[in-house]
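Please read the points alongside the sequence and the model.

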Amino acid sequence: MDITIPILILAIPLFMFLLLGLGGVKMSHKLAGTLGSLGMGTVLVLSYYTAFTYYFSGNPEFIDGTTRLQYVVFNQTWLQFTPNLAIKLGFLLDPISALMLIVIPTISFMVHIYSLGYMEGEKGFQRYYAFLSLFSFSMLGLVVATNIFQMYIFWELVGASSFLLIGFFYTLPSAISACKKAFIVTRFADLGFLIGILILSFYTQQLDFLPMTQNPQGVLASFGGATFMGASVLTWALVLIFTGGMGKSAMLPLHIWLPDAMEGPTPVSALIHAATMVVAGVYLVARLFPLYMLEDAALMFITVVGAATAFYAAMVACAQIDIKRILAFSTISQIAFMMVSLGVAAKDNVAIHEGLGYMASMFHLFTHAMFKALLFLGAGALIHAVHSNNYTAMGGLRKYMPITHITFLIGCLAIAGIPPFAGFFSKDEILAACFHNNWFWGAWMMMVAAMTAFYMFRMYFLVFWWNNPDYAKEHHGHLPHDPGIAMSFPLIFLAIVSTVCGFIPFGKFVTFDGHEYIIHLDWAVAGSSIGIALISIFFAMWLYAKENDKPRRMADSCRWLWTAAHRRFYWDEIYLFITRRIIFDGICKPIAWFDRHVIDGTMDGFAYVTNKASVAIKGFQSGKVQMYIWWYLIGAVVLGLIVAVCVL
Amino acid sequence: MESVGSTICYWIIALAIVIFSVLTVTTRKILRAATYLLFVLFATAALYFKLDYEFLGAVQIAVYAGGIVVLFVFAILLTTHPGDNSEQLASRKKLLGLVGALCAAGACGWALCSRCADIFTSLPSMSNPTMHRIGEAMLGTGYEQYLLPFEAVSVLLLACIIGGVVIARKR
Amino acid sequence: MDITLIWYLVPSLVMFCCGVYGFLTRRNMIAMLVSLELMLNAVDINFVVFNRYLFPTSMEGWMFTLFGIAIAAAETALAIAIIINLFRVSKNIDVRDATKMKN
């Protein structure tokens with residue numbers, strides 16, 4: 001394959017970032033927005049072309065009979081440290097990177113268009129588009145990485161651009177602390193990632209993915225059965241790498257940054273915190289999946305973390321008021337679904353299951369990206385109309401905003417898993433994979449799926465039904481209305497995609513080993529999941545369709561649980577306790593004291609002595625040249641005498 | 001064994017250097033000091049000639065005797081009030097200066113006599129540095145060639161010209 | 001009778017010490033500068049003589065002398081410019097009066 005187009009896919013967003021970042025000040029908002037969107041549109045066309053070429057061309061580079069191959073378009077050495085150790089930058093095409101080449105530009109392009117309306121008139125509009133381009137560049141670079149170090153570089157770039165976008169409204173203190181929190185938490189997790197990379201590359205003597213994933217037994221052999229603290233070193237490396245994924249994908253207990261990251265502009269939440277960056281952790285595990293398959297312990301860890309996160313986030317989402325927070329927790333929960341799906345794809349089951357779990361995870365990644373971006377953009381439209389993030393300020397909006405209403409409903413149906421919407425198909429595959437592994441995980445995830453349907457429809461009914469507040473009075477005569485074409489088009493487009501994309505025969509394109517995998521619905525699982533989802537929806541409808549005091553009574557009946565869920569089970573407080581009370585008070589304060597009194601004291605002492613000494617000897621600096629000569633001469637003679645006496 | 005003529009030559013030069021040096025710093029009239037300095041510089045040039053460094057002697061005469069001393073004379077004429085051409089020196093200061101200079105002379109002289117008195121007794125033969133050699137040494141970049149210092153000195157002189165103009169300019 | 005190394009070094013030493021004496025005692029800045037020239041000249045002689053006696057085949061001392069002369073010229077020109085400027089300010093070139101960089 002020609003390397004021009006893959007290079008352009010990466011170069012255009014980078015160029016756009018530089019152009020808008022450096023020249024944006026001189027541009028009008030309209031020009032900057034149009035340029036950014038056009039750049040992203042070009043990338044969209046090029047990546048679609050690349051991905052479709054990969055999937056459909058039948059070129060022997062890409063497919064060998066029925067097996068899809070991993071194809072390195074280019075792999076350029078960037079930094080050569082030693083003959084063995086080089087950092088390369090490259091472009092890898094395989095089923096999952098081609099999948100991401102469809103997902104990222106699609107969502108990114110929709111967000112670019114949507115932002116034309118949503119961010120209209122905001123200060124720093126050009127900067128916003130520059131950051132969007134930087135983010136798209138980093139994310140594309142991440143998914144096409146040919147080696148784990150390139151992935152790490154772009155991983156950090158993604159984190160940095162996410163930091164910039166969350167903190168876009170940098171005059172708001174909450175936005176500043178949110179972006180710092182996101183950056184610090186993910187950085188902290190990335191430390192684990194880096195250590196994992198170092199361990200892995202230390203034993204395998206390379207960084208490239210392909211030699212590792214195509215020969216997992218060789219990797220296992222290179223570790224030679226080394227163990228550390230009761231677990232094999234390979235498990236440690238994989239778990240540490242997964243820690244990086246936990247940070248980016250907001251898994252328990254590193255999830256605390258994601259809800260706060262909703263301080264960023266809503267389209268950013270749709271792009272970063274729903275569809276692309278947060279699935280980087282899933283993508284990372286999928287990329288290294290052949291290695292994870294070697295170690296049951298690592299997979300078990302992923303499953304447990306994912307299952308716990310999914311349940312926790314679903315619980316919390318049931319008790320939030322801010323609609324973006326609800327969506328954030330639902331994102332955490334859905335990402336956890338993907339993680340669990342990868343985790344249950346263990347090798348010691350029947351061969352079919354590893355294919356199923358892996359495929360289901362990627363399928364859900366794809367569909368979730370579409371419908372969650374849709375939901376976030378819909379939430380953006382609501383916030384734009386009502387000027388509040390809380391559902392308490394909304395209600396009965398279906399009459400005022402029909403387009404938003406319909407598209408949002410489609411998104412909710414998709415995430416709840418009602419056929420024929422996309423989420424049904426992918427979630428059903430995940431549940432099937434869980435049941436194949438172990439009935440416990442299946443039942444557990446089924447319960448989480450029911451909760452998902454409940455909290456999504458709780459939000460839906462509270463926003464669009466419930467009561468009918470007097471908007472005219474609250475907004476000085478302005479009634480909420482559907483947004484303009486720039487914001488409605490992405491909603492409609494994503495709604496259509498969310499409706500139909502479940503019918504894509506996904507197993508044909510993305511499978512674990514490249515072989516085609518025929519999806520056949522397991523109607524026992526599918527039926528029960530539909531049933532449970534419908535029950536949850538009707539329950540939400542019974543509670544929230546019309547204004548009443550049932551929800552309040554329910555909350556009162558187990559007030560402690562509701563409060564705990566509302567306060568997100570006190571994770572932030574626990575973190576604060578650890579950082580403030582233990583780390584700051586216990587460690588930092590003594591260090592600060594030491595710094596202030598011992599180190600600064602020493603330096604102050606130096607300054608004091610120097611000062612006094614200069615005052616004492618400043619009389620020598622009299623300005624009388626001949627005195628200087630005298631001193632010089634005496635010194636020279638003494639020195640000469642010393643040399644003469646001692647040396648000669 | 002040097003020829004007698006050479007020895008006589010040496011004595012004339014050495015005596016001229018010593019006498020005029022002493023006179024330079026002891027005369028009270030500043031213009032005379034400059035003149036004695038000129039003689040010292042000439043004697044030095046003669047010494048270079050005697051050591052077969054003709055080019056260096058020529059440079060010494062051209063730059064020192066022709067340039068610097070003229071500069072001195074101009075400066076003296078510009079800065080000295082007519083009739084006020086002498087300075088009285090305090091005898092204490094003179095004595096102190098004498099002690100300092102003698103101390104330095106003693107220290108150096110002792111080192112010289114104890115180390116150099118009986119070595120390098122005869123003048124080794126030498127091929128004259130021809131202009132060709134000098135040019136190559138000055139403009140080459142190899143071993144014992146000095147293009148970089150040469151350039152540095154050029155820049156220094158340029159800076160000096162500009163600095164002199166700037167400092168002495170009337171404000 | 002051989003003219004040895006030290007025969008040249010002794011006049012050079014005398015010249016240097018005269019320079020030191022002059023520099024220490026004279027108050028007129030031009031006279032001090034003259035003494036300075038004496039010292040520099042003595043150093044130049046040393047360079048040349050050592051070069052001639054010790055390393056007759058190479059030219060290092062020779063070169064140093066040449067550069068020394070150039071630098072002495074530069075230094076004198078600059079110093080005289082400063083002295084003339086001082087004279088213009090204070091009508092006086094006594095070194096004891098020039099103790100401040102700025103008035």
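1. Chain B contains six helices and zero strands, in the order α-α-α-α-α-α along the sequence. Helices (H or I, at least four residues) and strands (E, at least two) are DSSP runs, numbered from the N terminus.

2. The model is predicted: local features need pLDDT of at least 70, side-chain atom pairs count only at pLDDT 80 or more, and totals for chains, interfaces and linings use all residues. Residues are numbered from 1 along each chain as its sequence is written, while chains are lettered from A and ligands numbered from 1 in the order in which they are written.

3. Of the 171 residues of chain B, 24% are buried (20 or more other C-beta atoms within 10 Å of the residue's own, with C-beta atoms placed from the backbone).

4. Nine residues of chain B are in contact with seven residues of chain A (C-beta atoms, placed from the backbone, within 7 Å). The chain B side comprises six nonpolar, two polar and one charged residues; Ala, Val, Leu, Ile, Met, Phe, Trp, Tyr, Cys and Pro count as nonpolar, Asp, Glu, Lys and Arg as charged, and the others, Gly among them, as polar.

5. In chain A, strands β3 (residues 71-80) and β4 (residues 86-93) run antiparallel and are joined by eight bridges. Five residues lie between β3(A) and β4(A) in this hairpin. A:Tyr71 has A:Leu93 of β4(A) as its bridge partner.

Conventions:
Two residues are in contact if their C-beta atoms, placed from the backbone, lie within 7 Å. Two strands pair if DSSP finds at least two bridges between them. A residue is buried if 20 or more other C-beta atoms lie within 10 Å of its own, exposed if 12 or fewer, and partly exposed in between; C-beta atoms are placed from the backbone.
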